[in-house]
Amino acid sequence: MKILLIAPSSGRWRQVGRSRLFNGRTFRFSLLSLLSVAAETPRGHTLRIIDEQFEDVPWDADADLVGVTCMTALAPRAYEIADFFRARGIPVVLGGMHPTFCPDEALQHADAVVAGDAEGVWPQVVEDAKERSFRGVYRSEGTRELRGLKRPPYHLLRLGRYSTYPVQATRGCPHRCAFCAITAFSGGRHRKRPIDEIIDEVAAIPSRSFIFVDDNLTADRDYAQQLFEALRPLRKMWITQSSLDIAEDSSLVRKAADAGCVGLFVGLETFSKRNLACVNKTINRVDDYREAVKMLHAYGIGVEAGVVFGFDGDDAEVFSHTVDMLDELEIDLIQASIFTPLPGTPQFEAMQDRILDRNWQHYDFHHVVFEPKGMSAESLQAGHDWVTREFYRPWRIARRMARHAVRSKGTKSFPFAAAINGAYYGRVRRWHIEGWDPASQTPSKAANPRVRLQPVQAWKESCAS
Ligand code: B12
């Protein structure tokens, strides 16, 4: 069979990939979802992968089966693509986060849905596709071991359009933060691949740098220590995601650095203890942020902080306070997000009567889709945009990089931090991110054309103060 696998893209993300000069390559670092599906495909079939971020969907493709991956924000586009191919009489299978959480919705646009991992179920789907006798939802048991995963067939990608190679050592995260899609997807399980298999895969990558796309690489500290020791001789450079409690263990941080870690994405989320308690992010301790960041810096590891606005404890003051704190902590990079109640998470259920916008395309962490408690939706959108713009002002980037340069052992992480700061600056310019500080400035509709919310019924208490 000829199998066509598609990663959809929409809105501003799709535009970026098409520009030649600033093509957003820095942010295109993994298509492991479809590479894993391709790797699981039984022999004897022809595979083609399309990434809509920079290439057009081949609407007239000669295919016997189409597979589409889909996170929530991309569901509308994935459905459009699926509907089109089904109208041509080609069976379509949807997989990924969103179809896993909303299988019935996805099935309205597909012949079959894969819920959870592709491993273990995809070969059966392909078999059934030959007969065109699909069984609806194919659900992999989430406890499946990660032993023996096949190597990602990188040759199926146009590698020059990606910034690096993705590797995954573990899946899931054991913490149970109420807003996190990963917890919902993994059921709070943290599954680990055998270390020798990861080392073989990393050693075969024809590049010095790569990214671990894990959700929390250091959640099991003993495992992480062993992995880092085994990685060290390969002399690679990598970045990953971890919870900030990594800094409670200086020997683990040292081993990560020795193994080539030059950057960590950590979900700081907020500088408010009350907010953290509300969403059950008990792993974070605001009082420890400063020391934790210092420790990572001391070992030459750059820190990208995830910060989220719109928690129930947030009011108009939160934006400038956050910028001050980020400056003070000398955070190297941020990914600012607007709180988004994602389907499948406890927070989605708890906030049902506050959700204003059910267009999944807006569930991209950059749109307000619910009625915030401590400010208007317009202020939340404006403040989020303003923080992003402020943090990536050229003078702030220059100051951060100057500080970075004088920090001890900062040399390896410098190019990484500089490149990503530059990429974020480019994004602010291209996407015309403006905003204003709701605590000190007057609303300007022109600055926020994206906010189109209608007031709805009164907010119902979902988080005891
Ligand atoms: C790399 C990545 C990206 C990349 C590329 C995404 C892509 N097209 O694949 C980029 C940088 C573009 C990206 C962007 C965004 N991302 Co992103 N991203 C990731 C990340 C870190 C890794 C994805 C990955 O490679 N996983 C490894 C593979 C092996 O796992 P998997 O994707 O779950 O795939 C398995 C199964 O789900 C299944 N499967 C998946 N697809 C399919 C398809 C078929 C046909 C089948 C049969 C099976 C199948 O089989 C796979 C193997 O078992 C994930 C976190 C995560 N853990 O997944 C977030 C994640 C997917 N992203 C997320 C979000 C929110 C976004 C953004 C909307 C906002 C943002 N963070 O900036 C943007 C939107 C972009 C847009 N509008 O186009 C959320 C999605 C939440 C949700 N419920 O939808 C995640 C889960 C992060 C998080 N912690 O919340 N992202």
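Is Arg132 buried or exposed? Arg132 is exposed, because 10 other C-beta atoms lie within 10 Å of it.

First, some ground rules. This is a predicted model, where local features need pLDDT of at least 70 and side-chain atom pairs count only at pLDDT 80 or more, while totals for chains, interfaces and linings use all residues. Residues are numbered from 1 along each chain as its sequence is written.

Now the overall picture. The protein has 17 helices and 14 strands; these are DSSP runs numbered from the N terminus, with helices being H or I of at least four residues and strands being E of at least two. Of its 465 residues, 45% count as buried. Among contacts with a separation of 6 or more, 77% are between residues 24 or more positions apart. (Two residues are in contact if their C-beta atoms, placed from the backbone, lie within 7 Å.)

Let's start with a sheet. It is open, has 6 strands in the order E2-E1-E3-E4-E5-E6, and its pairing is parallel. Two strands pair if DSSP finds at least two bridges between them. At the edges sit strand E2 (46-51) and strand E6 (136-139), each of which pairs on one side only. From one strand to the next, the twist averages 20 degrees. (Axes are lines fitted to C-alpha atoms, for helices over the stretch in contact, and angles run from 0 to 180 degrees between N-to-C directions.)

E1 is joined to E2 by 6 bridges and to E3 by 4 bridges, and both pairs run parallel. Leu4 takes part on both sides: it stands opposite Arg48 in E2 and opposite Val66 in E3. E1 is also mostly covered, with 5 of its 6 residues buried. Over at the other end of the order, strand E5 (residues 112-115) and E6 pair in the parallel sense over 4 bridges, and Ala115 stands opposite Arg139 in E6.

What packs on this sheet? The buried residues of H2 are Ser33, Leu34, Leu35, Ser36, Val37 and Ala38; their cover includes E1, E2, E3, E4 and H6. Helix H6 (residues 122-131) itself lies across E3, E4, E5 and E6, running at about 170 degrees to E5.

H2 turns up again around the ligand. The ligand is surrounded by 40 residues, of which the closest are Gly67, Thr69, Met71, Gly95 and Ala118. (A residue is near a molecule or strand if its C-beta atom, placed from the backbone, lies within 6 Å of it.) Elements giving two or more residues to this shell are helix H1 (11-18), H2, E3, E4, helix H4 (97-101) and helix H7 (181-186). H2 gives the most, with 4 residues. By class, the shell has 22 nonpolar, 13 polar and 5 charged residues. (Ala, Val, Leu, Ile, Met, Phe, Trp, Tyr, Cys and Pro count as nonpolar, Asp, Glu, Lys and Arg as charged, and the others, Gly among them, as polar.) The shell draws at least three residues from each of domain 1 (2-139) and domain 2 (164-445), with bounds that come from an automatic or database domain assignment.

E13 pairs in the parallel sense with strand E12 (residues 261-269) over 5 bridges, and Leu264 stands opposite Val303 in E13. Another 6 bridges join E13 to strand E14 (residues 333-338), again running parallel; here the bridge partner of Val307 is Ala336.

Back to Arg132, then. Most residues other than glycine have a negative phi. Arg132, in the loop between H6 and E6, has a positive phi of about 55 degrees although it is not a glycine. Arg235 also has a positive phi, of about 50 degrees, without being a glycine, and its place is in the loop between helix H9 (221-231) and strand E11 (237-241). Arg235 is exposed, because 9 other C-beta atoms lie within 10 Å.

Methods: A residue is buried if 20 or more other C-beta atoms lie within 10 Å of its own, exposed if 12 or fewer, and partly exposed in between; C-beta atoms are placed from the backbone.
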